[in-house]
Every structure is written in structure tokens, then in C-alpha cells.
Amino acid sequence: MRETPRSQGTASETGSELPQHRPGRAFAHTTGASGSGTPHRSDGRSPQTPRGARQTGPGGRPGTTPPVPGRSAFLLSLVSSLLTVFALLTWQVAADGPLRGLDERIGRTVVGHGPARLTEFLADLGNMQVALPVLGCAIVYTLLRGARRAPLSAALAMAAVPALIVPLKDLIARPGPLTEATGYYPSGHAATAAVAYGAAALLLAPRTGPAGRSTWSWTMPVAAALLTLATGIGLVLRGYHWPLDVLGSWCLSGLLLLALSWSSCSSRRRQPTE
């Protein structure tokens with residue numbers, strides 16, 4: 001039922017009785033409110049607006065909204081998908097399955113295509129001498145801005161690349177496209193580029209000013225994705241890796257970046273709002 005304020009007597013009126021409570025109606029003014037007449041709910045219930053239901057942060061300021069439940073489910077689905085694809089690719093490569101045969105036919109067809117200098121430059125984007133300084137600059141910048149957990153998580157993600165890639169290379173021992181030497185699956189250069197550029201984008205995108213947040217929040221990840229894709233194309237066209245070597249590395253790198261993204265979001269939620 002709609003709540004409407006009842007008309008009250010003015011100060012010049014004498015002999016007026018106190019307002020009586022009518023069934024089905026709530027007073028629009030609280031009795032004994034020092035005559036301020038400020039309207040608010042008289043039944044003591046909390047306001048029905050979302051702002052009234054939010055928890056306050058330190059000092060009584062409005063706190064942050066709780067994490068959306070759908071985000072966790074989305075991250076779990078991405079992790080499951082990446083693990084499934086990586087397991088399938090690794091099984092096909094290790095067992096010399098039909099997918100490996102198709103992969104090698106495609107690799108032999110495209111190797112040597114494109115301008116040699118350009119494809120070599122793209123492949124070099126995955127070198128540690130190129131990718132690690134980019135990530136290092138992003139880590140130093142975020143440290144200077146006062147962040148601690150996110151830069152440490154990015155450094156750990158980068159350190160996890162050789163810890164994961166090297167044992168898999170030795171275990172699967174896949175020969176390369178232009179050599180009989182083994183240890184080409186998964187690609188270390190592709191993983192280095194993906195994690196270094198992706199982690200740098202995750203560190204820098206939330207640190208931009210309010211005026212550029214809407215632009216930089218998506219341009220940084222897009223730039224990282226383009227650099228990663230260009231590195232993979234260069235590695236395949238130069239004959240340094242088979243296509244599945246690159247795809248397998250991207251799956252592992254995606255898992256590391258998802259872990260980094262989750263850690264960064266958790267750290268930002270714990271920080272008090274200003």
C-alpha cells in the first residue's frame with residue numbers, strides 16, 4: 001500500500017490533537033524528532049534502495065560491491081577449456097595422432113612464406129631479451145604506484161614459464177620443422193611472449209587515470225594479444241616451430257594469465273575505496 005504523508009497542523013493552530021495512527025498507514029514523520037519535520041521511514045526498516053544495502057568501508061564510507069558470482073563461474077569454465085584443449089593437443093603430439101600429421105602438413109606448407117626480415121622480426125618478439133624488459137618496466141611502474149601483490153604475481157607467472165615448458169619439452173621430445181633436434185613442443189618463445197606481454201597489460205590497464213580508463217582498459221590487452229599472435233605467426237613461418245607447438249604454449253600461458261588476473265582482482269577488492 002502506498003505511503004503518503006498526512007497533513008500536519010501549523011504552529012499558529014491551537015487545540016489541535018496529536019495525529020492518530022490509522023490502520024494500514026505509516027507515519028511520514030517520526031515523533032519526537034525535535035520538530036525538524038524531516039521525512040523518513042517510521043517503521044525502523046532499512047531502505048529498499050541498493051545503496052542502503054551496501055556495506056560501509058573504513059571510516060563509514062561506502063564499501064565496494066561484492067564480486068559477481070558469474071565471474072567465478074566464467075573463470076572456471078575458461079580454465080577447464082584451456083586444460084582440455086592442452087591435454088588434447090599434448091596427447092595428439094605425444095602419440096603421433098592424426099592431428100599431429102595435419103599439423104606437420106600445414107607447417108611444411110607455410111614455412112618460408114612472407115618477407116624474411118618481417119617474419120624474423122616477429123619471431124624475435126618472443127626472445128627473452130625483448131619480452132622480459134617490457135614486463136620489467138610494467139612491474140617497476142606498478143611498484144612505484146604503490147602496488148605490491150600484482151607485480152609479485154606477474155613475476156611468479158613469468159618464472160613459471162620455464163618451470164612448465166622445459167620438462168614438457170624433454171618429456172615429449174618432438175622434432176622441429178627444419179631439424180631433427182628434439183624439444184620443440186610446447187614453444188618457449190610463444191609462451192614467453194604471451195605471458196610477458198599479457199602480464200604487462202594486466203598490470204598497466206588498471207593503473208591508468210580516470211580520463212583514459214575506458215580506452216586503456218581494452219587497448220592494452222588488445223595490444224598484448226596482437227603481439228602474442230604476431231610472435232606465433234613469425235615462429236611458424238620461419239620454421240622454428242610447428243603450429244601446435246604455439247597453440248599448446250598459448251593454452252599454458254592462458255592458464256597463467258587467468259591466475260594472475262584473479263590474483264590482481266582479489267588484491268584490488270581488498271583495497272579500501274577512496
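**View 1. The link between R238 and E120.** At 24% relative accessibility, E120 counts as partly exposed, a value that, as with everything described in these legends, comes from a predicted model. The side chain of E120 meets that of R238 in a salt bridge, with a nitrogen-to-oxygen distance of 2.9 Å. This pair joins distant parts of the chain, since R238 belongs to the loop between α8 (213-237) and α9 (243-270), while E120 sits in helix α4 (residues 116-124), 118 residues apart. R238 is likewise partly exposed, its relative accessible area being 26%.

View 2. Within helix α3 (residues 98-110), E104 and R100 are four residues apart, which is about one turn of the helix. Their side chains meet in a salt bridge, at 3.0 Å from N to O. R100 has a relative accessible area of 15% and is therefore buried, and E104, also at 15% relative accessibility, counts as buried, because the cut-off for a buried residue is under 20%.

**View 3. The link between R174 and D103.** The side chains of R174 and D103 form a salt bridge in which nitrogen and oxygen are 2.7 Å apart. Here too the pair connects distant parts of the chain, with R174 in the loop between α6 and α7 (188-204) and D103 in helix α3, 71 residues apart. Both R174 and D103 are buried.

**View 4. The network of salt bridges.** Side chains of opposite charge can pair when their charged atoms come close. The structure holds seven salt bridges, and a network of such bridges links D96, R100, D103, E104, R108, R174 and D245. Among the members of this network are R100 and E104, the pair that lies in helix α3, as well as R174 and D103, whose side chains meet at 2.7 Å.

View 5. Just after α6, A173 takes a positive phi of about 55°.

Key:
Residues are numbered from 1 along each chain as its sequence is written. This is a predicted model: local features need pLDDT of at least 70, side-chain atom pairs count only at pLDDT 80 or more; totals for chains, interfaces and linings use all residues. Side-chain values use heavy atoms; hydrogens and water are left out. Helices (H or I, at least four residues) and strands (E, at least two) are DSSP runs, numbered from the N terminus. A salt bridge is a side-chain nitrogen of Lys or Arg within 4 Å of a carboxyl oxygen of Asp or Glu. Buried means under 20% relative accessible area, exposed over 50%, partly exposed in between (1.4 Å probe, protein chains only).
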